[in-house]
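Subject: Structure for you to look through

Hello,

Here is the structure you will be working with, followed by notes on what was found in it. Please keep the 3D view open while you read.

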2 protein chains.
Amino acid sequence: MRAEELARKQKEISIAEFFEKNKHILGYSNPAKAIITCVKEAVDNSLDACEDAGILPDIFVKIDRVDKHYRITVEDNGPGIVREQIPRVFGKLLYGSRFHAIRQSRGQQGIGISAAVLYAQLTTGKPAVVTSKTSPKSKAVRMEIFINTRKNEPEIIREEEYDWYVSSGTRIEIEIAGSYARERKQSVYEYLRETSVVNPHAKITFVDPDGEIFEFRRLSEELPPPPKEIKPHPHGMEIGQLMAMLRYTKAKNLKDFLKSEFVRVGDKTTSEVLEKAGLNPKAKPQELERDEAAKLLNAFRETDFLPPPTDCLSPIGESLIMKSLMARYRPEWVYATTRKPSVYSGHPFLVEVGIAYGGEIKEDRVTLLRYANKIPLLYQQGGCALTKAVETVNWKSYGLQQSRDELPVGRAVILTHIASTNIPYTSESKEAVAAIPEITDEVRLALQEAGRKLREYLERKERAIKKKKKEDVLNKILPLLARKLCEILEKDEIDVDRVVARIMGNLHVKREVAEEDGVASVILRIFNFTKARRELKVFEMCSGGVEAEGAKVSQSSYATVQWDVALNPGESIEINYRVRGRIINKKPFVSGVDAELLSGAEPFGL
Amino acid sequence: MRAEELARKQKEISIAEFFEKNKHILGYSNPAKAIITCVKEAVDNSLDACEDAGILPDIFVKIDRVDKHYRITVEDNGPGIVREQIPRVFGKLLYGSRFHAIRQSRGQQGIGISAAVLYAQLTTGKPAVVTSKTSPKSKAVRMEIFINTRKNEPEIIREEEYDWYVSSGTRIEIEIAGSYARERKQSVYEYLRETSVVNPHAKITFVDPDGEIFEFRRLSEELPPPPKEIKPHPHGMEIGQLMAMLRYTKAKNLKDFLKSEFVRVGDKTTSEVLEKAGLNPKAKPQELERDEAAKLLNAFRETDFLPPPTDCLSPIGESLIMKSLMARYRPEWVYATTRKPSVYSGHPFLVEVGIAYGGEIKEDRVTLLRYANKIPLLYQQGGCALTKAVETVNWKSYGLQQSRDELPVGRAVILTHIASTNIPYTSESKEAVAAIPEITDEVRLALQEAGRKLREYLERKERAIKKKKKEDVLNKILPLLARKLCEILEKDEIDVDRVVARIMGNLHVKREVAEEDGVASVILRIFNFTKARRELKVFEMCSGGVEAEGAKVSQSSYATVQWDVALNPGESIEINYRVRGRIINKKPFVSGVDAELLSGAEPFGL
């Protein structure tokens, strides 16, 4: 073939044809994954739309077997989509509202849901059915949509008005060739479950192909504060981008251009930048040459700007992460940390990490939960920067087992979340985060913080176990020893408990009760054998009247008696009180001292 | 935000904007990788163009430091590109000649080189400079090209005619922000070296930023047979594709449609398919409903067609793989296998595997070379189906060390190549092959075949070593034993060598020479102690005249004397000859018996 022949074969390829041929790039690499991907795209869109509109999401997902195919239905109570936009939102790839907006959202590219429609059409030849209602006053629109892959344009097959009982919302139904996997790490159920973990303000109902209903309840009635859209930050610019911005800006001069098109650029920094660049504030942006743009960019780099504002991000939050881990894994200990926002290439991002330990978690390779902008990442764990960060932290020093550069082993679950205006996914299927050094560093720092807390907890636990063992031994031996000694010395028997408590360095409480005529006279002796000053509250619960000098007594169906006590190391105190009736609690309750330091009493409160 | 507000934010995103924002997807995730990716895209294009035009590729790659940037120049002697096509080939993404063509080629999508131009423009703001000449008679065109990212259309900044000394060819120069890595597994040098390994018909010259010149010479003057373009195979169809083909075909009826648009569909199969589908051969394809298309597709699936022809593929070939591995790694043993073509989702593909062992290869985790359509894959080894296939073969049974599901350890290099009309890359950056079961199976089968050969070689080697040790021991002890025995029995000393040879089961040669008056009378006694019949050639080399009955004598500056001998197990023979002069060779040469089975003679030939 010569040049002329080759030329005749050259032609334009539509993005729809491209992704039809390369559907694995979008997450359609096998039938089981295809179903999950379709559900994910629709649910992500629903959550984004509800949050944008300030509506608590109520999402319904249903999967039905139809012949050899599956019909996927996803319905939300979001704002709906206006009639004119429906065909392109669902039937044109690279069409969306979030691509140019700098703020955290699940969808970014305007590809996801159209790709699901494309996949349905490719594998079953059936159009997507979209129903949408934008106001309680109007009727719903129901549309059947195909994608013309050669043109990447939607084709409306049928359209009708429709009475829908909801006040607003969107429903999409697609039919795909797929295979439904149940009870797997990678399944629709698992995706929805992990989604609900970090979206406690959403209610998600799932009906599986067997008709079984799963409900992920709404745990919080509060919408997360909506992330705010920001303009680009001067430190995130590349020369090509800057040249394009200069060319297309509506600003009439450079000064206005800088002030209006960037975040964190005010009067003062504008003058500073223009002076450094040696450019005229009145110059027309549209007329700047490459070299002048390069000067402007250099001036950006040499100027300090405030980092981009971070209200464009929406973290899950430490308390919610802990709550979710507690509810889901029933561990004995949990910790979470939300790092301060940071920046990579001008994109704000933020990292969160949670660890749950022990309790019902079994000893095994730790379960790693990865999230990006509140979307669970189920695939490509190995190729993800979040995984790499976990693997390269030295967990041995935090009390877990670990082979070099592998996930640690132990009774732990680790949750990692990155929120950003621009998550650097490794591929279009949004399965793994790319290894950006700034992000990896932040994840590692967060993991190390959580790791240190884990180590502290484990050390404390270890100490308590050791102490308990020692105490148990003493408690076995001392009574025998003491009795023998007393016999020989012909002394009264000594108080073994107190001796053990002194040896162990405990805070010790001894209750002595003398009963006469239905009245109990009680002496509480409190010894501080610990090495620190202790400020305690001591509680007793009694049925009947109580006489207790200096105590707070609250009376209901029974009386709670509270003494506030402060003891220096080595000090002891004696408390006397009388009860016309019965003491309910077996041992006195004490708050203000760790359980492992307490003997003769029950710990009270956290 | 309500539906109307959301609607106003919806807009179309150009594919150029999309890839500008997601440049990591195309292989621009870090500065070192960016340079390699740019070179790769240009060189892949050059190789494709030369092969299409039947020209032995002569490719020149140069990297210069320019200020803080790098200028990359890639020049070829290909057919050139006609003037009208230059802007779009280099300045429009998703524009190319190979997307719809079903045949093996390096480029598929029409994205690569335009993405390099886009990256250059983004990071340095400089246009690409393209020079092209299509005929010795015409002048060259030189163009400076920008991409209008908002429209994904090229903009010509400057254009001029140009006297270029070559008869035809293309040169592209781009300037990018990058970082140049030398002496790494992932480098421009390594990419070009691995490229030359599987493209021995190409000459590649590389000038690095320090001006050092590396030449990868042309090892073969033969172009690989050009892969032929084929039509789609009926078994590779999905309903959506079939419906689109029906809609856009120029065929007037179903019968013509089937015969003209598919490969392996002839008169007989056409009738069979239409009958099974219950469709009228005269029906207009454009008017078929979805359900009829579904019937047609079902009929496809129920019909046997010949598999797609495989001349659309261009393997490297077993002998070339072995030659390359030999030349590059200097192993002691090498094996390669080219599997028969196979099919996944209607796409023909073919797997090749090579193993080199020992020699100069050091004991270590094995080096894995991955190729797809003759392009070396340098990144994402962990996420690649080729790697997975190697890891999941049980190499312990083939003589290498291996931890479960890891790359084996040993003195080996493993080469894997997949050739296909449609390589299923995991992402647009073409770094790893997706896990398609059909492909993984083929790779594993090929690896197992090579593994068995490796085991056979290693077992043979082991046997030889053991035998040698045994022989060494016998050679030490037997002479002493024999001498003592002979003394006691008052016998002549026995021929120890022969005894050892008999015990070891060797083919043994004994030469006895008697000299008188400058004439040597020689007796060669040959004993076949092996378990098989042996057909040998025995050689002696002499200076001076030779008398040897029944021998072939070839005389030059010395005489080579050859006897053809056949001996059954246990047989021996005596050969007599006379030399007027000297025997040159220390021991007789013997061919036709493995070295480890030979004693008293030198092995000759392979």
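Two strands count as paired if DSSP finds at least two bridges between them. By that rule strand 5 of chain B pairs with strand 8 (residues 169-176) of chain B: five bridges join them, and the two strands run antiparallel.

Before going further, note that this is a predicted model. Its scores are ipTM 0.72 and pTM 0.75. For chain A the mean pLDDT is 89, and 98% of the residues in that chain reach 70 or more. Where pLDDT is low, the predicted coordinates should not be read in detail.

The sheet in chain B

Strand 5 of chain B covers residues 128-133, and five of its six residues are buried, so it is largely enclosed by the rest of the structure. It also pairs with strand 6 (residues 140-148) of chain B, again antiparallel and with five bridges. A hairpin of six residues connects strand 5 of chain B to strand 6 of chain B.

You can follow single residues across these pairings. B:Thr131 has B:Arg142 as its bridge partner in strand 6 of chain B, and B:Arg171 as its bridge partner in strand 8 of chain B. B:Lys133 is partnered in strand 8 of chain B by B:Gly169.

Strand 8 of chain B has a further antiparallel pairing, over seven bridges, with strand 3 of chain B. Here B:Arg171 turns up again, as the bridge partner of B:Glu75.

How many of the eight residues of strand 8 of chain B are buried? Eight of the eight are, so this strand is largely enclosed by the rest of the structure. Both of its faces are covered. B:Gly169, B:Arg171, B:Glu173 and B:Glu175 are buried on one side, and B:Thr170, B:Ile172, B:Ile174 and B:Ile176 are buried on the other.

Helix 9 of chain A

Helix 9 of chain A spans residues 267-277, and its buried residues are A:Thr269, A:Val273, A:Leu274 and A:Ala277. Why do they lie on the same side of the helix? They cover an arc of only 130 degrees around the axis, which puts them there. An α-helix has 3.6 residues a turn, so residues three or four places apart point the same way.

On the other side of helix 9 of chain A, the exposed residues are A:Asp267, A:Lys268 and A:Glu275. The buried residues pack against helix 8 (254-261) and helix 10 (290-302) of chain A. Just after helix 9 of chain A comes A:Gly278, with a positive phi of about 65 degrees.

Where the chains meet

Chain A and chain B each put 54 residues into the contact. On the chain A side, several elements supply at least two residues each, including helix 1 (3-9), helix 2 (15-21), helix 5 (112-124) and helix 10. The chain A residues that touch chain B divide into 24 nonpolar, 21 polar and nine charged.

Pairing also crosses between the chains: strand 1 (residues 11-12) of chain A and strand 4 (residues 95-96) of chain B run antiparallel, joined by two bridges.

Domains of chain A

The domain assignment of chain A gives domain 1 (15-216), domain 2 (234-302), domain 3 (318-459) and domain 4 (496-603). The centres of domain 1 and domain 2 of chain A, taken over C-alpha atoms, are separated by 41 Å.

Some single residues

Most residues other than glycine have a negative phi, and most peptide bonds are trans. A:Asn373 is not a glycine, yet its phi is positive, at about 45 degrees. You will find A:Asn373 in the loop between strand 15 (367-372) and strand 16 (375-376) of chain A. It counts as buried because it has 24 C-beta neighbours inside 10 Å.

B:Asp67 is another residue other than glycine with a positive phi, near 55 degrees. It sits in the loop between strand 2 (58-66) and strand 3 (69-76) of chain B. Is B:Asp67 buried or exposed? B:Asp67 is exposed, with 9 other C-beta atoms within 10 Å.

Last, B:Leu536 belongs to strand 21 (residues 534-547) of chain B. It is buried, with 22 other C-beta atoms within 10 Å. Not counting residues up to four places away in sequence, B:Leu536 touches B:Val565, B:Val590, B:Ser591, B:Gly592 and B:Val593.

Regards

Key
Residues are numbered from 1 along each chain as its sequence is written. Chains are lettered from A and ligands numbered from 1 in the order in which they are written. This is a predicted model: local features need pLDDT of at least 70, side-chain atom pairs count only at pLDDT 80 or more; totals for chains, interfaces and linings use all residues. pLDDT is the predictor's confidence in each residue, from 0 to 100. A residue is buried if 20 or more other C-beta atoms lie within 10 Å of its own, exposed if 12 or fewer, and partly exposed in between; C-beta atoms are placed from the backbone. Helices (H or I, at least four residues) and strands (E, at least two) are DSSP runs, numbered from the N terminus. The arc is that of the directions from the helix axis to the C-beta atoms. Two residues are in contact if their C-beta atoms, placed from the backbone, lie within 7 Å. Ala, Val, Leu, Ile, Met, Phe, Trp, Tyr, Cys and Pro count as nonpolar, Asp, Glu, Lys and Arg as charged, and the others, Gly among them, as polar. Domain bounds come from an automatic or database domain assignment.
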